[in-house]
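Hi,

Here is the structure I said I would pass on. Have a look at it first, and then read my notes below.

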Amino acid sequence: MSTPAHTPAAGNKPHLYKTLFATCIGNALEWFDIAVYGFFANYIAHAFFPTEDPAVSMLLTFGSFGVSFLIRPLGAVVLGAYADRVGRKKALLASISLMMLGGVIITFMPSYATIGLAAPLMILLARLIQGFSAGGEFGSSTAFLVEHFPERKAFIASWQFATQGASTLLASAFGLGMTYWLSEAQIQEWGWRIPFAFGLLIGPVGLYIRRHVHEPASFKQHVKARAPLKTLLGSQKRLLLLAIGLMVISTAINYMLNYVPTYATKNLHLPGSVAFSATLLAGVILTVVTPLVGLWAEKVGRLPLMWSSLLLLVVSIYPAFRLVVNHTTPLTLMLLVGWMALLKSVYFSTVPSVMADLFPMETRASGMAIGYNVAVTVFGGFAPLICTLLISMTGTSLAPSYYLMMVALLSGWALLSSQHQLRGVARAS
């Protein structure tokens, strides 16, 4: 009997980079839309959340940004359990379809001036749909990658976050290009929709490619858990807490980078072109350095790299912010953003494979999805709002550094608590 074209013969290894592309394209779409929303928050606030006080408009915009993350744990529970019970591929197809639906709503929604209250409500609905779909993306896609290539897990899983860097890079390029080619009025009227429309072009490509990938052989042969959530919340609660803790500093820095355009223009009074140039630099560093560190981790180990980045962040982030606040120039902003992106790349590259090692296969997608999305929701999605409130309450633009130091200490605790189990996995593999 002939084997279908999309199902390789037993024993044949899938192509490394084809599998990477099929898996990471959904992750790229998710983070492109998130980055664009953060970068163009000023324009979105004016279009959908207009008030007499611009600060209130920004709080409403970032509030809708943060509230949409509240549904991510629900998406993680539903789609993560679906991936563990039915298959990684079906969960990946569902998540990218929902991402596309949310993107369509944001791209074509008329402004508040045109349809009134329905506009901000529909934008919130779109972000909720995207938040739900994103909730299942990380766990399913990372499990899919490490189960296909367990011998290259540090390198291949690092691409999960390298694609986030590429998305930030692309979103920054859109922002920088539009500040040069369009006037403020043109960007406000229609230009901010262009990157969202571009994101819609990515979705159908990802959907097509994901239809033609196959489940990892190890997953197909493994006994499936009938109730992965019951197991996870029963006997694996500690693993879930560790996964959340490992992730918090990484996601906090990521959303801090998305906050840079607003922070630079509103608090440091730098032009938009400088802010987008800084985020463009961050995107380059995250895209290039993350997979290189993933390769490096295969040789020197993951734990030394993770500890180095955490310690450097704790001791350097306050002086770095102080330098920018006391000597505000395009160069100092570039140095701050570049330094955060570099430290994030070192830590970020190792986190997906480390989280995958915490959980057994029958609860891996659920455990990673829930751990990742609780961290993203609490410490990432609300980071711009928290920083905006901290700056308002303290009266100092140094407030974001306090937040980053706090979450770095939380991740340090999780890493210390995880070391024994991770070394056990390393010895067994």
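To start with a quick one: is Ala 126 buried or exposed? Keep in mind that this is a predicted model. Ala 126 counts as buried, because its relative accessibility is 0% and the cut-off for buried is under 20%. You will find Ala 126 in helix α7. Setting aside neighbours within four places in sequence, Ala 126 touches Gly 102, Ile 105 and Ile 106. Ser 68 is 58 residues away from Ala 126 in sequence, yet their C-alpha atoms are 8.6 Å apart in space.

Since we are on α7, here is how two other helices sit against it. Two packed helices are described by the angle between their axes and the distance between the axes.

Take α1 to begin with. Helix α1 covers residues 16-39 and α7 covers residues 118-148; their axes come within 9 Å and cross at roughly 150 degrees. An angle over 145 degrees counts as roughly antiparallel, so that is how α1 and α7 run relative to each other. The crossing of α1 with α7 is left-handed. On the α1 side, the residues that meet α7 include Thr 19, Leu 20, Glu 30, Asp 33 and Tyr 37. Among their partners in α7 are Ile 123, Arg 127, Glu 137, Phe 144 and His 148. Sorted by class, this contact between α1 and α7 has eight nonpolar, seven polar and four charged residues.

Now for α4, which spans residues 72-85. The axes of α4 and α7 come within 7 Å and cross at roughly 45 degrees. That angle makes α4 oblique to α7. Here the crossing is right-handed. From α4, residues including Arg 72, Leu 74, Val 78 and Leu 79 take part, and they meet a set in α7 that includes Gly 131, Phe 132, Ala 134 and Ser 140. The contact of α4 with α7 divides into seven nonpolar, six polar and one charged.

One more spot to look at is Ser 366, in helix α17 (residues 364-381). Which residue does the side chain of Ser 366 join in a polar contact? The partner is Asp 84, and the contact between the two side chains is 2.6 Å. Ser 366 is buried, with a relative accessible area of 0%. Beyond its neighbours within four places in sequence, Ser 366 is in contact with Gly 80, Ala 81, Asp 84, Pro 228, Leu 229 and Leu 232.

Over to you!

Conventions: Residues numbered from 1 in each chain as written. Predicted model: local features only at pLDDT ≥ 70, side-chain atom pairs only at ≥ 80, totals over all residues. Heavy atoms only, no water. Axes fitted to C-alpha atoms, helices over the stretch in contact; angles between N-to-C directions. Helix = DSSP H or I, 4+ residues; strand = E, 2+ residues; numbered from the N terminus. Parallel < 35°, antiparallel > 145°, perpendicular 65-115°, else oblique. Left-handed = near helix turned anticlockwise from the far one by under 90°. Contact = heavy atoms within 4.5 Å. Nonpolar A, V, L, I, M, F, W, Y, C, P; charged D, E, K, R; others polar. Buried < 20%, exposed > 50% of the residue type's maximum accessible area, 1.4 Å probe, protein only. Polar contact = N/O pair within 3.5 Å; in protein donor to acceptor, adjacent residues only side chain to side chain.
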